[in-house]
Amino acid sequence: MRISVSKRFGEMLQGMREPLLTNNLSETYRTFVAGFETTTTFLRWALVYMILKPQVQEKLQREIVSVIGPSRPPVVADLSNMPYTEAVMTEVFRITSFLPFGAPQCATEDVQFDGYTIPKGTEVWPLMCFHSMNAQVWGDPEVFRPERFLDKNGRLIKSWVEKVQPFSVGQRACLGKPLARMEVFIFFTTIMQHFTVSSSTTQARNQPLLSYSRPNLSR
Ligand code: HEM
(Lines give C-alpha, C1' and ligand atoms only; values in the text may rest on other atoms or scores of the structure.)
Protein backbone atom coordinates (compact mmCIF):
# COMPACT_ATOMS: atom_id res chain seq x y z
CA MET A 1 0.00 0.00 0.00
CA ARG A 2 1.37 3.44 -0.88
CA ILE A 3 1.19 5.93 1.96
CA SER A 4 1.01 9.64 1.40
CA VAL A 5 3.52 11.18 3.75
CA SER A 6 1.73 14.50 4.06
CA LYS A 7 -1.61 12.78 4.73
CA ARG A 8 -0.06 10.57 7.36
CA PHE A 9 1.69 13.53 8.96
CA GLY A 10 -1.65 15.32 9.09
CA GLU A 11 -3.21 12.30 10.77
CA MET A 12 -0.40 12.21 13.27
CA LEU A 13 -0.99 15.79 14.25
CA GLN A 14 -4.77 15.45 14.43
CA GLY A 15 -5.35 12.01 15.80
CA MET A 16 -2.01 10.78 17.12
CA ARG A 17 -2.44 7.59 15.12
CA GLU A 18 1.20 6.68 15.32
CA PRO A 19 0.60 2.90 15.62
CA LEU A 20 -0.75 2.96 12.08
CA LEU A 21 2.52 4.26 10.71
CA THR A 22 5.18 2.07 9.27
CA ASN A 23 8.45 2.10 11.24
CA ASN A 24 10.23 4.12 8.59
CA LEU A 25 7.54 6.73 8.45
CA SER A 26 7.34 6.89 12.20
CA GLU A 27 11.09 7.43 12.46
CA THR A 28 10.94 10.09 9.76
CA TYR A 29 8.23 11.85 11.72
CA ARG A 30 10.28 11.66 14.93
CA THR A 31 13.31 13.10 13.17
CA PHE A 32 11.24 16.02 11.90
CA VAL A 33 9.83 16.68 15.36
CA ALA A 34 13.23 16.31 17.05
CA GLY A 35 14.78 18.68 14.52
CA PHE A 36 12.05 21.26 14.17
CA GLU A 37 10.94 22.19 17.67
CA THR A 38 14.49 22.26 19.04
CA THR A 39 16.04 24.60 16.50
CA THR A 40 13.08 27.00 16.56
CA THR A 41 13.13 27.01 20.36
CA PHE A 42 16.82 27.88 20.26
CA LEU A 43 16.12 30.78 17.91
CA ARG A 44 13.29 32.11 20.06
CA TRP A 45 15.50 32.06 23.16
CA ALA A 46 18.41 33.60 21.29
CA LEU A 47 16.20 36.52 20.23
CA VAL A 48 14.91 36.95 23.78
CA TYR A 49 18.47 37.26 25.06
CA MET A 50 19.40 39.67 22.27
CA ILE A 51 16.48 41.86 23.39
CA LEU A 52 17.54 41.61 27.01
CA LYS A 53 21.19 42.27 26.21
CA PRO A 54 21.36 44.96 23.50
CA GLN A 55 25.09 45.46 24.05
CA VAL A 56 25.68 41.76 23.29
CA GLN A 57 23.48 42.07 20.22
CA GLU A 58 25.46 45.05 18.96
CA LYS A 59 28.80 43.33 19.52
CA LEU A 60 27.51 40.24 17.70
CA GLN A 61 26.34 42.37 14.78
CA ARG A 62 29.73 44.04 14.58
CA GLU A 63 31.39 40.65 14.28
CA ILE A 64 28.87 39.60 11.61
CA VAL A 65 29.52 42.75 9.59
CA SER A 66 33.29 42.53 9.91
CA VAL A 67 33.50 38.82 8.97
CA ILE A 68 30.57 38.32 6.59
CA GLY A 69 29.62 41.84 5.61
CA PRO A 70 26.16 43.43 5.54
CA SER A 71 24.56 41.42 2.74
CA ARG A 72 26.40 38.21 1.79
CA PRO A 73 24.50 35.23 3.24
CA PRO A 74 26.52 33.47 5.95
CA VAL A 75 28.07 30.09 5.20
CA VAL A 76 29.03 27.42 7.72
CA ALA A 77 32.76 28.07 7.20
CA ASP A 78 32.29 31.60 8.62
CA LEU A 79 31.70 30.19 12.08
CA SER A 80 35.38 29.40 12.62
CA ASN A 81 36.14 33.13 12.25
CA MET A 82 33.38 34.22 14.59
CA PRO A 83 34.31 33.39 18.18
CA TYR A 84 31.95 35.94 19.71
CA THR A 85 28.99 34.54 17.77
CA GLU A 86 29.87 31.02 18.87
CA ALA A 87 30.23 32.21 22.47
CA VAL A 88 26.79 33.86 22.31
CA MET A 89 25.15 30.73 20.87
CA THR A 90 26.84 28.52 23.46
CA GLU A 91 25.69 30.82 26.26
CA VAL A 92 22.11 30.68 24.94
CA PHE A 93 22.28 26.87 24.98
CA ARG A 94 23.76 26.89 28.49
CA ILE A 95 21.53 29.35 30.27
CA THR A 96 18.25 28.25 28.71
CA SER A 97 18.79 24.48 28.91
CA PHE A 98 15.61 24.33 26.91
CA LEU A 99 15.61 20.53 26.88
CA PRO A 100 16.08 20.29 30.65
CA PHE A 101 15.38 16.55 30.79
CA GLY A 102 16.97 15.42 27.54
CA ALA A 103 15.15 12.31 26.32
CA PRO A 104 14.08 9.39 28.52
CA GLN A 105 16.27 6.31 28.29
CA CYS A 106 15.89 2.86 29.84
CA ALA A 107 18.49 0.80 31.72
CA THR A 108 19.02 -2.42 29.76
CA GLU A 109 20.73 -4.05 32.75
CA ASP A 110 21.25 -3.36 36.46
CA VAL A 111 23.56 -0.35 36.81
CA GLN A 112 25.55 0.79 39.85
CA PHE A 113 25.95 4.57 39.87
CA ASP A 114 27.18 6.86 42.62
CA GLY A 115 26.18 4.39 45.35
CA TYR A 116 22.76 3.72 43.86
CA THR A 117 21.44 0.67 42.03
CA ILE A 118 19.38 1.46 38.95
CA PRO A 119 17.51 -1.78 38.21
CA LYS A 120 17.15 -3.07 34.68
CA GLY A 121 14.07 -1.62 33.02
CA THR A 122 14.11 1.67 34.97
CA GLU A 123 13.26 4.75 32.94
CA VAL A 124 16.07 7.30 33.33
CA TRP A 125 15.70 11.03 32.67
CA PRO A 126 18.98 12.97 32.47
CA LEU A 127 18.74 16.34 34.22
CA MET A 128 20.65 18.36 31.66
CA CYS A 129 20.36 21.70 33.47
CA PHE A 130 22.00 20.26 36.58
CA HIS A 131 25.37 20.72 34.91
CA SER A 132 24.75 23.81 32.80
CA MET A 133 23.40 25.75 35.81
CA ASN A 134 25.82 24.38 38.39
CA ALA A 135 27.32 27.26 40.39
CA GLN A 136 30.36 25.18 41.29
CA VAL A 137 31.20 24.88 37.59
CA TRP A 138 30.15 28.28 36.29
CA GLY A 139 30.36 30.61 39.29
CA ASP A 140 27.52 32.85 38.09
CA PRO A 141 25.26 30.47 36.12
CA GLU A 142 22.24 32.82 36.26
CA VAL A 143 24.13 35.55 34.40
CA PHE A 144 24.07 35.68 30.58
CA ARG A 145 27.76 36.24 29.88
CA PRO A 146 29.16 34.99 26.53
CA GLU A 147 32.60 36.27 27.58
CA ARG A 148 32.94 33.25 29.87
CA PHE A 149 33.84 31.27 26.73
CA LEU A 150 36.49 33.72 25.50
CA ASP A 151 40.06 34.45 26.59
CA LYS A 152 41.40 37.99 27.00
CA ASN A 153 42.22 38.12 23.27
CA GLY A 154 38.68 37.20 22.30
CA ARG A 155 39.57 33.66 21.27
CA LEU A 156 37.27 30.77 22.11
CA ILE A 157 38.23 28.66 25.11
CA LYS A 158 37.29 25.26 23.67
CA SER A 159 37.43 23.48 27.01
CA TRP A 160 34.65 25.76 28.34
CA VAL A 161 32.58 25.49 25.17
CA GLU A 162 32.75 21.69 25.45
CA LYS A 163 31.32 21.83 28.96
CA VAL A 164 28.00 22.83 27.40
CA GLN A 165 26.33 19.72 26.00
CA PRO A 166 22.81 20.62 24.85
CA PHE A 167 22.80 17.59 22.55
CA SER A 168 23.58 15.24 25.44
CA VAL A 169 26.44 12.74 25.40
CA GLY A 170 26.99 9.03 24.78
CA GLN A 171 25.60 6.57 22.27
CA ARG A 172 22.10 8.06 22.23
CA ALA A 173 23.16 11.69 21.98
CA CYS A 174 21.37 13.82 19.41
CA LEU A 175 21.55 12.32 15.96
CA GLY A 176 21.05 15.72 14.39
CA LYS A 177 23.81 17.61 16.22
CA PRO A 178 25.97 18.50 13.17
CA LEU A 179 22.92 19.62 11.20
CA ALA A 180 21.45 21.50 14.15
CA ARG A 181 24.68 23.41 14.80
CA MET A 182 24.78 24.52 11.16
CA GLU A 183 21.10 25.45 11.18
CA VAL A 184 21.15 27.58 14.30
CA PHE A 185 24.30 29.39 13.16
CA ILE A 186 22.94 30.17 9.68
CA PHE A 187 19.48 31.25 10.85
CA PHE A 188 20.61 33.23 13.88
CA THR A 189 23.39 34.99 12.00
CA THR A 190 21.12 35.82 9.06
CA ILE A 191 18.48 37.34 11.35
CA MET A 192 21.08 39.36 13.25
CA GLN A 193 22.68 40.50 10.00
CA HIS A 194 19.43 42.06 8.83
CA PHE A 195 17.51 42.97 11.98
CA THR A 196 17.99 44.49 15.38
CA VAL A 197 15.46 43.18 17.90
CA SER A 198 14.23 45.21 20.85
CA SER A 199 11.34 45.26 23.30
CA SER A 200 8.62 47.84 23.69
CA THR A 201 8.94 47.81 27.46
CA THR A 202 11.79 50.24 27.10
CA GLN A 203 9.88 52.26 24.50
CA ALA A 204 6.52 53.97 24.26
CA ARG A 205 3.69 51.76 25.49
CA ASN A 206 1.75 51.87 22.21
CA GLN A 207 4.58 50.20 20.30
CA PRO A 208 4.30 46.48 19.41
CA LEU A 209 5.82 44.04 21.88
CA LEU A 210 8.78 43.38 19.63
CA SER A 211 10.20 45.75 17.10
CA TYR A 212 12.70 45.17 14.37
CA SER A 213 15.01 47.60 12.69
CA ARG A 214 17.96 47.39 10.36
CA PRO A 215 21.36 47.34 12.07
CA ASN A 216 23.20 50.59 11.41
CA LEU A 217 26.71 49.20 11.24
CA SER A 218 29.44 49.54 8.69
CA ARG A 219 32.60 47.52 8.23
C1 HEM B 1 19.25 22.91 18.75
C2 HEM B 1 18.84 21.79 18.25
C3 HEM B 1 18.81 20.44 18.95
C4 HEM B 1 19.01 20.10 20.27
C5 HEM B 1 19.36 21.00 21.44
C6 HEM B 1 18.84 18.67 20.37
C7 HEM B 1 18.98 17.94 21.53
C8 HEM B 1 18.75 16.58 21.64
C9 HEM B 1 18.84 15.82 22.86
C10 HEM B 1 19.21 16.39 24.23
C11 HEM B 1 18.54 14.55 22.57
C12 HEM B 1 18.46 13.37 23.56
C13 HEM B 1 19.78 12.65 23.61
C14 HEM B 1 19.82 11.60 24.70
O15 HEM B 1 18.79 10.99 24.98
O16 HEM B 1 20.88 11.41 25.32
C17 HEM B 1 18.27 14.47 21.14
C18 HEM B 1 17.94 13.33 20.47
C19 HEM B 1 17.70 13.26 19.11
N20 HEM B 1 17.75 14.30 18.23
FE21 HEM B 1 18.22 16.21 18.65
N22 HEM B 1 18.53 18.19 19.12
C23 HEM B 1 18.51 19.23 18.23
C24 HEM B 1 18.27 19.16 16.87
C25 HEM B 1 18.04 18.00 16.16
C26 HEM B 1 17.91 17.92 14.72
C27 HEM B 1 18.03 19.10 13.75
C28 HEM B 1 17.64 16.61 14.43
C29 HEM B 1 17.40 15.92 13.11
C30 HEM B 1 17.30 16.50 11.96
C31 HEM B 1 17.63 15.88 15.69
C32 HEM B 1 17.41 14.53 15.79
C33 HEM B 1 17.45 13.81 16.97
C34 HEM B 1 17.18 12.39 17.06
C35 HEM B 1 16.77 11.47 15.92
C36 HEM B 1 17.35 12.04 18.41
C37 HEM B 1 17.18 10.65 19.05
C38 HEM B 1 18.56 9.98 19.05
C39 HEM B 1 18.52 8.60 19.67
O40 HEM B 1 17.64 8.30 20.46
O41 HEM B 1 19.41 7.79 19.34
N42 HEM B 1 17.88 16.77 16.71
N43 HEM B 1 18.42 15.73 20.61
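Which residues are the closest to the ligand, and how many surround it? Counting a residue as near when its C-beta atom, placed from the backbone, lies within 6 Å of the molecule, we find 21 residues around the ligand, and the closest are Gly 35, Thr 38, Ser 168, Cys 174 and Gly 176. Please keep in mind that this is a predicted model, in which local features need pLDDT of at least 70 and side-chain atom pairs count only at pLDDT 80 or more, while totals for chains, interfaces and linings use all residues. Residues are numbered from 1 along each chain as its sequence is written.

Two elements give two or more residues to this shell, helix H2 (23-52) and helix H8 (177-194), where helices are DSSP runs of H or I with at least four residues, numbered from the N terminus. H2 provides the largest share, six residues.

Turning to H8, its 18 residues reach 26 Å from the first C-alpha to the last, close to the 26 Å expected at 1.5 Å a residue, the expected span being 1.5 Å times one less than the number of residues. Its buried residues, meaning those with 20 or more other C-beta atoms within 10 Å of their own C-beta, placed from the backbone, are Val 184, Phe 188, Thr 189, Met 192 and Gln 193. Because they cover an arc of only 145° around the axis, they lie on the same side of H8; the arc is taken from the directions from the helix axis to the C-beta atoms.

In helix H3, the buried residues are Gln 57, Leu 60, Gln 61, Glu 63 and Ile 64, and their arc of only 160° around the axis puts them on the same side of H3. Just after H3, Gly 69 takes a positive phi of about 100°.

How values were computed:
Buried ≥ 20, exposed ≤ 12 C-beta atoms within 10 Å, placed from the backbone.
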